[in-house]
Amino acid sequence: MSSVVGNIRRFALGDPQSNRVVPPSGFTAQLTFFAAGTMAFLAVFAMALSLASGRLAARWGDELARSSTIRIVAPMDQRAAQTDAALRILETTAGVAFARALDTEEQQDLLAPWFGPELDLATLPVPQLIEVIEEETGFDAAGLRLRLAAEVPGAVLDDHTRWREPLVQAASRLRLLGWVSAILLGVTTAVMVTLAANAALAANAQVIAVLRLVGATDRYIAQAFIRRFTLRAFGGAFVGSLLGLGAVLLLPAASDTGGFLTGLGFQGWHWGLPLIIPVLAAAVAFIATGAAANRALKRLA
Amino acid sequence: MIELENVAYSYGGGALLSDISLKLAPGSFHFLTGPSGAGKTTLLKLCYGALLPTSGEVTLFGDDVRGLERDDIAMLRRRMGVVHQDCRFLDHLPVSENIALPLSVSGRHAEAAGDDLTELMAWVGLTHRADALPPELSGGERQRAALARAVIMSPDVVLADEPTGNVDWEMSQRLLRLLVELNKMGKTVLIATHDLSLIRAAKSQIQARVLRIANRRVQLAGADL
């Protein structure tokens, strides 16, 4: 491990003499730095999106899977009796941790967004809702439906699968999209570094010819270029990631009223993840420049 | 040391050189002459591995050049000093660093060779120009700097392509004296030039053989130059 660190340090510091053999290239260097920074900035958001939608999918999948609802649709005079019957059945059902009937106020709150807070539920044939929380093992929904059908004709069991699935699926797709974006950003970084390295190699054809003439190996020549582009990509991506993290910090915090949109960000140790972006950018630049240099050098005598 | 056997070389269409056999023995001094475009530079490039022969065999320090990897060629160049026709330098580095370049690319630090470098700079008379950039040098200074760079690794062979191409008579005499001195130190020297008076001047100082390229072949020129 220490030898790896040593190698990286030797590579980063380099041989001051070999750094000097390639002429400094001011403006192009800044472009590479800037492009790497932009890519890293965007990568932080792609990462935040992926992690947030991952969390969302997990939460929806988890919470909704463990709760179900029973609707009692019955004439007003039978509703209370049917509700009691349903609750009795639920008490004896294996896998049900907890079940309770929602009171009038709670039902009113649920409907308030549609009907307004003034509504008197007593005047409407609103079904009675029963909230059912499952144990880890879950219950046998088909069996429960059969028992309810026999004893409580007005009960309808909704285990949420119908609308849970598309939500979880949407969140998973969103996460996939985030990772695909991150990969595309990586590939684009490779393309950009390759173009910049090719331009630098072409502009320095004369330098390379002189170095070959005095006995420099391909490795020596390539390293001067590789080190430069790797350090630039690392530096740019580091600054870009920091700015990206700053921008994510400035996003509004997750809140119930904002819905899932405000959950975009990092949680816990995930805040450390964007720090691997500069390392990845450096690795991508290292490989891309190495490939470009080897290709270019093979063409020269 | 450098051997060519039945070597031919052609650029795309026609043959430039054909049926060339040549042997540079250690410590020998050769001139290579011939009209412009006869293939002097091409022959030199074959000698330092920058070109591969179209047919025939080139043997450098005992190795067939076709079997050499790119890194082997790089190692060979460290044993040969090449003075290029247009003396290419790294224009962003001062003269002293350009002269020490062969040391730094082979992993030896220029500081370690500090004394050698100072001595060499004095030998070619460039001490006062050590910090100048190559584009600021005159033609003669460039040629001398190129020669100093070619010999800093103490090579076994010095190959020079028109080393007196852009300089006046006095300067060319000075460069010639440097090359003759190198030969007296035991280095093999091959100089491509079309300057016959330079060859005549050399003959009075040293035992030099003259190779002439004519009709795509190399002939040993007579003593009647």
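Student: In what order do the four strands of the open sheet in chain A stand?

Tutor: In this predicted model, the four strands make up an open sheet of chain A. Their pairing is antiparallel. Read across the sheet, the order is 2-3-1-4.

Student: Which strands of chain A are the edge strands?

Tutor: An edge strand of this sheet pairs on one side only. That applies to residues 96-101 and to residues 155-158 of chain A. The edge strands are therefore, by the run numbering, strand 2 and strand 4 of chain A.

Student: By how many degrees are neighbouring strands of this sheet turned against each other on average?

Tutor: The average is taken over neighbouring strands, with direction ignored. The value is 20 degrees.

Student: How many bridges join strand 1 of chain A to strand 3 of chain A?

Tutor: Strand 3 of chain A pairs with strand 2 of chain A in the antiparallel sense over five bridges. Strand 1 and strand 3 of chain A also run antiparallel. In strand 3, Gln128(A) stands opposite Ile72(A). The number of bridges joining strand 1 to strand 3 is six.

Student: Which residue is the bridge partner of Ala101(A) in strand 3 of chain A?

Tutor: Strand 3 of chain A covers residues 128-134. Within that strand, the bridge partner of Ala101(A) is Ile130(A).

Student: At about what angle does helix 4 of chain A run to strand 3 of chain A?

Tutor: Helix 4, residues 76-91 of chain A, lies across strand 1, strand 2, strand 3 and strand 4. Relative to strand 3 of chain A, the helix runs at about 5 degrees.

Student: Is Val156(A) buried, exposed or partly exposed?

Tutor: Val156(A) has its place in strand 4 of chain A, and touches Ile70(A), Arg71(A) and Val73(A), leaving aside residues up to four places away in sequence. A residue needs 20 or more other C-beta atoms within 10 Å to be buried, and 12 or fewer to be exposed. Because Val156(A) has 14 such atoms within 10 Å, it is partly exposed.

Student: Does Pro278(A) count as buried or exposed?

Tutor: Pro278(A) lies in helix 10 of chain A, residues 276-298. Not counting residues up to four places away in sequence, its contacts include Ala40(A), Phe234(A) and Phe238(A). Because there are 23 C-beta neighbours inside 10 Å, Pro278(A) counts as buried.

Student: What separation do the C-alpha atoms of Pro278(A) and Gly37(A) have?

Tutor: Along the chain, Pro278(A) and Gly37(A) are 241 residues apart. Their C-alpha atoms are separated by 9.0 Å.

Technical notes: Residues numbered from 1 in each chain as written. Chains lettered and ligands numbered in written order. Predicted model: local features only at pLDDT ≥ 70, side-chain atom pairs only at ≥ 80, totals over all residues. Pairing = 2+ DSSP bridges. Helix = DSSP H or I, 4+ residues; strand = E, 2+ residues; numbered from the N terminus. Axes fitted to C-alpha atoms, helices over the stretch in contact; angles between N-to-C directions. Contact = placed C-beta atoms within 7 Å.
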